[in-house]
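Reader: Could you take me through one part of this model at close range? I would like to look at the sheet in chain A, strand by strand.

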Number of protein chains: 2
Amino acid sequence: MARAATTSDAFNAIAEPQRREILVLLRGGERPVTELARDLGMTQPQASKHLRVLREVALVRVRGAGKQRLYGLDARGLRPVHEWVGGFERFWSESFDRLDEYVQELKQARQEESQDDDDQ
Amino acid sequence: MARAATTSDAFNAIAEPQRREILVLLRGGERPVTELARDLGMTQPQASKHLRVLREVALVRVRGAGKQRLYGLDARGLRPVHEWVGGFERFWSESFDRLDEYVQELKQARQEESQDDDDQ
DNA sequence: TTGACACATTCCGATATAGGCATATAATGA
DNA sequence: TCATTATATGCCTATATCGGAATGTGTCAA
């Protein structure tokens with residue numbers, strides 16, 4: 001099989017830098033496709049494609065506005081992502097992290113020297 | 001061009017469900033490859049490949065321990081992800097968000113009914 | 001109806017996966 | 001050195017992109 005479909009969930013959707021930029025822009029309010037494309041330096045079809053992906057994972061919503069289609073942010077889908085990543089917070093914010101790393105480095109150095117430990 | 005390489009950054013690395021599972025397991029401490037593979041129901045080569053990706057974006061670190069190679073979590077690379085996603089927090093936590101969405105839904109419903117409106 | 005404008009979709013080509021399988025490499029012990 | 005255990009890699013296939021260009025669709029105005 002190939003890689004999981006990018007349209008499967010928010011994790012995949014935000015793996016694309018351009019899509020992240022789109023989401024950031026949309027924090028400023030609804031925008032039509034052409035404007036997004038122009039501001040991000042991409043072609044209109046490209047913008048439409050990325051917006052489609054974002055729509056499929058429900059990170060944006062659309063509404064017709066005459067000729068235009070205004071895309072708006074729907075950030076609720078980012079909440080699970082935030083929570084998942086947040087589950088690792090203590091592993092980078094606590095000072096023990098740096099300490100732990102230091103300990104690991106020591107162990108490794110010691111091991112590379114003696115090369116006979118099996119106490120893990 | 002094709003999609004950005006999955007090895008480019010943490011966003012891409014965690015787009016893969018199995019890699020997320022590996023990271024979660026590693027919160028419990030260092031583990032050898034075979035154990036990870038067994039616990040996650042994947043083959044050893046598969047685990048090695050995923051670990052390689054995680055290594056390349058510095059989300060895990062390795063150290064030799066005799067015959068084994070113990071993989072450990074290095075969550076610092078997740079911090080930028082957490083911060084980026086956190087930038088959208090007010091868009092899902094503020095009550096105005098649900099209100100706004102409700103309004104959007106009303107507009108859209110109304111639009112789909114009359115189907116000849118141009119008052120947007 | 002026709003033309004113009006805003007978007008969406010399709011087709012194409014190049015590439016990057018992810019998985020399965022076989023195999024190479026590394027470390028240990030007899 | 002040889003066998004064993006633990007990992008890493010290489011090769012192959014199917015598939016999922018992403019980008020570009022062309023074209024289809026929808027809306028509005030004259």
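Author: Happy to! A word on terms to begin with: two strands count as paired if DSSP finds at least two bridges between them, and strands (E, at least two residues) and helices (H or I, at least four) are DSSP runs numbered from the N terminus. The model is a predicted one, in which local features need pLDDT of at least 70, side-chain atom pairs count only at pLDDT 80 or more, and totals for chains, interfaces and linings use all residues. Residues are numbered from 1 along each chain as its sequence is written, while chains are lettered from A and ligands numbered from 1 in the order in which they are written.

In chain A, three strands make an open sheet in the order β1-β3-β2, with antiparallel pairing. The edges belong to β1 (31–32) and β2 (60–65) of chain A; each has a single partner strand, so one side of each is left without a neighbour in the sheet. In general, strands of a sheet pair through backbone hydrogen bonds, either parallel or antiparallel.

Let us go along β3(A), residues 68–73, which is joined to β1(A) by two bridges and runs antiparallel to it. Here Leu70(A) is the bridge partner of Pro32(A). Between β2(A) and β3(A), also antiparallel, there are six bridges, and Arg61(A) has Gly72(A) as its bridge partner in β3(A). These two strands, β2(A) and β3(A), form a hairpin with two residues between them. In that turn, Gly66(A) has a positive phi of about 70°.
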